[in-house]
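Open the model in your viewer and keep the selection tool ready. The tour goes from ring to ring, then to a pocket.

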Amino acid sequence: MKVTALAGGTGAAKLLRGLAACVGPRNLTVIGNTGDDLEIWGLHVSPDIDSVTYALAGRLDVERGWGLAGDTFRCLEAMAQLGADSWFNLGDRDLATHILRTQALRDGAALSTVTAHIARDLGVQALILPMSDDSIRTWLRTPEGWLTFQEYFVREKALVEVLEVAYRGAEGARPAPGVLEAIAAAELIVVCPSNPVTSVGPVLAVPGVVHALAGARAPVVGVSPIVAGAAVSGPAGDLMRARGLPVSPVGVALAYAPWLGVLLIDPRDQACVPALLAHGVSPAVADIVMTDREREVALARRVLETLGA
Ligand code: FO1
């Protein structure tokens with residue numbers, strides 16, 4: 001079965017590993033968020049694309065949820081000593097990915113081409129597509145002014161209030177080659193349990209993507225990143241509130257209306273079932289918190305089962 005998944009970073013990586021195990025990696029296409037991308041030390045870093053790539057390569061640091069397992073941070077220490085920015089923790093081996101990507105982009109390659117090369121060289125058989133080759137950046141307005149996503153999330157530890165969210169560059173951007181085709185050709189479309197505002201939101205902001213999802217022949221199945229009134233990880237709750245969305249599976253359904261067909265929710269969110277049905281989304285109750293590999297595969301299986309339901 002051909003599966004196309006919309007994905008952010010950490011939360012998505014776990015489900016993607018499960019999906020790859022169930023359908024086979026060659027049947028999996030991932031459309032990844034690049035709204036979190038940043039330039040640091042002159043390097044182009046694509047955190048969400050890298051988390052997905054490293055996860056599918058079996059190289060992700062699972063404890064942290066980002067970067068390479070077993071990496072060291074000696075370059076970071078040296079940079080800090082020289083007075084460079086050191087709030088964004090780039091690992092020594094991880095740096096190779098960013099150096100290679102930056103070099104290729106500087107030589108005129110498209111982000112989608114570089115992403116495919118890196119994935120292939122790391123042994124990833126799934127197809128990983130950035131949502132766009134054009135620059136789209138998520139910016140957040142706080143009481144002190146606008147911050148990029150990583151300034152907000154890593155430098156400020158997501159502790160500042162968010163008043164507004166913008167996807168700068170989205171309006172004039174085009175989907176990367178293969179993105180619309182992967183949505184159209186899919187037999188199942190999965191929205192990973194990623195932050196609806198800053199992980200999936202930027203993907204949906206790319207012109208043509210929502211239209212393709214609404215017109216897709218495949219059913220669209222999401223997994224809620226919100227359980228019992230809070231995000232499973234990260235600042236999704238605060239950002240949903242900033243967007244006027246309830247911090248519940250109903251808020252997730254509203255973010256993905258009207259094209260979301262099924263939403264997998266935690267048993268603790270049973271009470272949301274009538275509201276989800278009222279919004280035209282079929283709820284499916286499942287064990288959606290992935291604490292180990294077995295649960296990743298079990299959840300992926302449950303996602304695939306919704307097809308037969
Ligand atoms: N997340 C952190 O919380 N702190 C970091 O220092 C950090 C560094 C980092 C380096 C490379 C990379 O690919 C990801 C990194 N992340 C870090 C994760 C990243 O900020 C977020 O998880 C995603 O952008 C949100 O999905």
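Rings of Phe, Tyr and Trp (its six-membered ring) pair if their centres lie within 6.5 Å; planes under 30 degrees apart count as stacked, over 60 as edge-to-face and the rest as tilted. By that rule the structure holds four aromatic pairs. This is a predicted model: local features need pLDDT of at least 70, side-chain atom pairs count only at pLDDT 80 or more, and totals for chains, interfaces and linings use all residues. Residues are numbered from 1 along each chain as its sequence is written, and side-chain values use heavy atoms, with hydrogens and water left out.

**Stop 1: W87 and F88**

Select W87 and F88. They form an edge-to-face aromatic pair, 5.9 Å centre to centre, with 75° between the planes. Is F88 buried or exposed? F88 counts as buried, at 9% relative accessibility. W87 is partly exposed, with a relative accessible area of 21%. (Buried means under 20% relative accessible area, exposed over 50%, partly exposed in between, with a 1.4 Å probe and protein chains only.)

**Stop 2: helix α6**

Next, select F149 and F153. Both lie in helix α6, four residues apart, about one turn of the helix. (Helices are DSSP runs of H or I, at least four residues, and strands runs of E, at least two, numbered from the N terminus.) The rings of F149 and F153 are stacked: 5.3 Å centre to centre, 20° between the planes. F149 is buried, at 6% relative accessibility. F153 is partly exposed, at 34%.

**Stop 3: charges over rings**

Select R64 and W66. The charged end of R64 sits over the ring of W66, 4.5 Å from its centre. R168 lies over the face of W146, at 5.1 Å from the ring centre.

**Stop 4: the largest pocket**

About 890 Å³ of space lies in the largest pocket. (On a 1 Å grid over the protein atoms alone, a pocket is an open set of points where a 1.4 Å probe fits, with protein on both sides within 12 Å along at least five of seven lines; lining residues have an atom within 4 Å of a point.) Select G9, T10, G11, G65 and F153: of the 43 lining residues, these are the closest to the pocket's centre. Which helix gives the most to the lining? Colour α2: it gives the most, with five residues.

Methods
Grid points are joined across faces, edges and corners, and a volume is the space filled by probe spheres set on the points. A charge sits over a ring if NZ of Lys or CZ of Arg is within 6 Å of the ring centre and within 35 degrees of the ring normal.
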